[in-house]
Amino acid sequence: MTTPAVRLTGITKRFGPVIANDTVDLEVASGTIHGIVGENGAGKSTLVSILYGFYSADSGMMEVDGAPVTIADSAQAIAHGIGMVHQHFMLIPDFTVLENVMLGAEGGALLRDGKAATRAELLRLERDYALDVDPDAVVGDLPVGMQQRVEILKALRRGARILILDEPTGVLTPAETDRFFDILRGLRAQGVTVLLITHKLREIMDVTDNVSVMRRGKMVAHRRTAETTREEIAELMVGRTVSFEVDRIDAVPGPVAMSAHGLTWHDAGGVARLSDVSLDLRNGEILGLAGVSGNGQSELLDILAGIVPVQAGRIVIGSREVAAQSPADPAQMRRLGLAHVPEDRHQRGLILPFDAAENSVLGYHDGPRTGDGRLLDPKAMHAHCAALMARFDVRPGDPRQRAAGFSGGNQQKLVMAREIEPEPRIMLIGQPTRGVDIGGIAFIHAEIMARKAAGCAILLVSVELDEILALSDRIMVMNAGRVVGEVPRAKADTRRIGMMMAGVAEDSAA
Amino acid sequence: MTRLPAWADYVLIPLLNLALALGVAGLVVLAIGENPLHAMRVMIEGAFVYEGALGYTLYYTTNFIFTGLAVAVAFHARLFNIGGEGQAYLGGLGALLVCLALDSWMPGPLLIPLAIAGAAAFGALWALIPALLQAYRGSHIVITTIMFNFIGAGLMVAVLAGPLMRSGQSNPESREVAEAARLPFIHDILNAMGFDIASSPLNLAFPIALLACFGVWVLIWRTRWGYALRAMGQSEPAAVYAGIPVARMIVAAMAISGALAGLMAINTLLGAQGKVVLNFPSGFGFTGIAVALMGRGHPVGIVLAAFLFGALFQGGTELDFEFTTITREMVLLIQGLIILFSGALALMFVPWISRLLGREGGA
Amino acid sequence: MTWLDLMLILDSTLRVATPLILCAMAGLVSERAGVIDIGLEGKLLASAFAAAAAAALTGSAWVGLLAALGISVFLSLVHGFACITHKGEQIISGIAINILASGLTVVAGVALFRQGGQTPSLPREARFPSIKLPGSESLADVPWFGPFWRELVSGHTLPVYLAVLAVPFVWWLLWRTRFGLRLRAVGEMPVAVDSAGISVTWLRYRAVIIAGLLCGIAGAFLSIAHGAGFVREMSAGKGYIALAAMIFGKWRPWSVFFACLLFGFLEAGAARIQGVALPLVGEVPIEVVLVLPYVATVILLAGFFGKAMPPRALGVPYRKER
């Protein structure tokens, strides 16, 4: 057997009390595409960050091409022929492609000489790997797929023979993903070793030669892709047979609780993020909103919640009509019976330095939760929060603990608890289980179902297609700010929705 | 995240910062060739022991409570109000205009509240423009408040050397306000009650400052508005999500901050001096930053920190008399060091103390 | 107004603008690397004092300049230690430096010279002399060019020429060198720089050191070239005007240079229009003219003439681990 490109032995990394990597072993054969899968928070990103010198391991050994190495920073990783394409691109938007590619490999103290050499090298790489981009384009103006190519070119320009890709397809449509996989196969053909980090099983099965599975900081299995199945990998990822099966409660949809008509929204740069989006949300049903992230779902949630003002179109809740001339802020939307579980609990759903009690009144601080008098009543807030935490099984059930101190699942339960408590007639729920452990997922899904049974109208946004399929009664698919189509639950399957996510309209997809 | 127990956070760290600042200042004194302990004793005597010294110390404390509260209120909304100096200056103009217009006939009990309101209103007004620009145009409030300090200073020179200049005077300063507009001196009050107290500029503005502290505490920690303010300061996206009107809150927080800074003027104009002189805030607005930082944004801490700075300023003047080689600017040096240690280097000691206390430091 | 008058006004404009240009370039280099520099004023003041004190003690302007560079770089390093190494609040650190400088200069001045915080008046040898360029006398009678050469170009002290040279130098450094590419990158997106294997910390330290050097020259100009000794609070807000000019010029060297000249022109002109009735507006108080730079900057910040976009990572300490 040939020498592996990368061998990691006993890698351990702690962040405070959390063990992100627990004695992890990994062997990556040279010239292969090797997948590392695991749920959010399983420790994949930490592991490759250690390999790339972003973090240093507390213990463990690393070998590159058979030789033991220490990698204390990215410069050393680059020197060992390791390149990395991060989940969030490391590109400077104001710089040109050429400048971005040059950064860190300028080829001399003056830019003049290096520029010509880099340009020539870029052209060669573009030819060899079929990765064409305009070297003089400003990166901020390029579409996401192009930016990703720039990232790959950057790594190759530095002589990377081992290329780490961290969740590279999260921003791509299925079609773009397929093109991207062709690029990876091309790289492999040229002898580059590819390490692909993902939580998507389809990608693993499609493109990898070998796969390693991580769960809760531990490496749990290595498989040849040809010798395993999707189901086996899924089971290894979560530690038991996965089912996104939810005990469904079928309710008869009631009248329309909230409707949107022709919502169109342009961002500060004048780019249309939403084009003519309309929907009806009925009592006692869950409408799932599927789509690759960044296709307008977040903007739609923000507008419906009153966070972003309506520019064109209107929202109707009962007799209230919200439009550009008659705006409503989130506080008014709440008074209309709408609750909102935001997509990003760290940024929006919670104030991390505040304690649980203070967080349990966020958005409701003007109401009775903060006491009956003119002044805040901390005792009442604490009592109220303790009751809420008990009911929603938030642990530890201490209202004085800071939000930052809870685990992801418990943070999310706290947000859900706060939003469900007033028994809203309408709920907007974004990414309800992102970064939540399995037990938490089941609890949260059951709560959502219970709200539906109670007659609440629910709009569910999730990047996890399986979650959408499991919970929704109807599924609406968005692409590039438009509604591509709508599929009833009975007719929905991954392939069909996937086509629609790529922008292929209903009729032609069928 | 490394977290310290509250007592370390609120008591140990500020004391450590103070000790460090005094230590560095002591080294400077040593380098000058004087005995730091002697200098220290002179300052302590100057601040507390001599006749009327404590009164002077508390007089300065009053200024620092107002400017410290001003910085703290804005800071709870994560706004950096560096314009306390200009707001205090303009506050003086506000109170002065009320007095000039009304003090010929209006009795004190009516005039004084009006003059106080004038100081607060003009201070608020001077904070309002940067606040509006921050809230609705996204202009960086640090830069605009700095600019407004200079614009305010220019305006005040123009006014004090122009229309409001006291006739028959060559210095740019206003006329004295009528006796009715003056806040009573504490020593007068206490002497009337039979205590024998040395005279000092300490006046009723001091209890007003303490009242303001209590008011700020209630406002920030016991009102729904204060909750919204703190939420906004900790996380603006969360505040927007919660439906807190961020732009309006910025304007309101800055107006309150400016009003508190403006109130500093009543201590000098209605209290000690009875007139507005050129550059009367003399850096006290900036000292408010040190006070707020050291007091950790809490009114109780601010009173203590203001008292410390009051003592330093009063004690510092004594240095001028006692030494030929050390001047009161020593206090500026200490102030700069305290801002450096308790503000800019605030995180330096945390992991270190955390280890010392046997707590696991975070990654 | 004659051609000669114009040359004289521009000459004094350049003189007034010299510390502004140097400090604004300092601020530009620092802020392009992502480190806010409110402490320009303090560095200017401290280096003005150090220059005068060292020149007074040794009788050499060059030693004065070295001392100015030394103290200014030292304060930059303090700023760096707080903001880069310890990730402290950059604005607070800057304010601390300004207050420290205003205390320290007087304390040290009194201790050294016992003149109430001033340094002794410096003799000619301990100052930077005016440099007479060749031809300033012989060509003086050539129309147009003569007055231009003699009044505007010739006859300045060394720091004035350094200030004018600093502008193309900073432009070249930031846009034509490897260091500059990295420095601008670190002000926009430090994590990308780190990921490219370049030290964010060291880059930012180099930026603040360059800022220190430029401020040091500016301080030396005030006390040992333009002036003949140090007086209390000699910087008189020039560091803040430079900050305003840097923002007004939108962090671009040539625009910042012209902003400095504009602000310098206002100040130089203010002295001339005092008591003079202007057309349309009548007599303008000098204070009004002197605050114009600040007013103009506020109006710019309000977005009324184009948006000033600061570097994206300005003021944000770089934390590797979350």
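**First stop: chain B**

Select chain B: of its 363 residues, 57% are buried (20 or more other C-beta atoms within 10 Å of a residue's own; 12 or fewer is exposed, in between is partly exposed, and C-beta atoms are placed from the backbone). This is a predicted model, where local features need pLDDT of at least 70, side-chain atom pairs count only at pLDDT 80 or more, and totals for chains, interfaces and linings use all residues. Residues are numbered from 1 along each chain as its sequence is written, with chains lettered from A and ligands numbered from 1 in the order in which they are written.

Colour by secondary structure and chain B shows 15 helices and zero strands (DSSP runs numbered from the N terminus: H or I of at least four residues for helices, E of at least two for strands). Its C-alpha atoms fill a box of roughly 65 × 55 × 40 Å along the principal axes.

**Next: helix α5 of chain B**

Pick residues 108–137 of chain B, which form the 30-residue helix α5 and reach 42 Å from first C-alpha to last, close to the expected 44 Å (1.5 Å times one less than the number of residues). Zoom in on L128(B): a kink of about 30° sits there, shortly before P130(B) (the angle between axes fitted to the seven residues ending there and the seven starting there).

**Last: chain A**

Show domain 1 (6–238) and domain 2 (256–353 + 424–509) of chain A, with bounds from an automatic or database domain assignment. Their C-alpha centres lie 33 Å apart.
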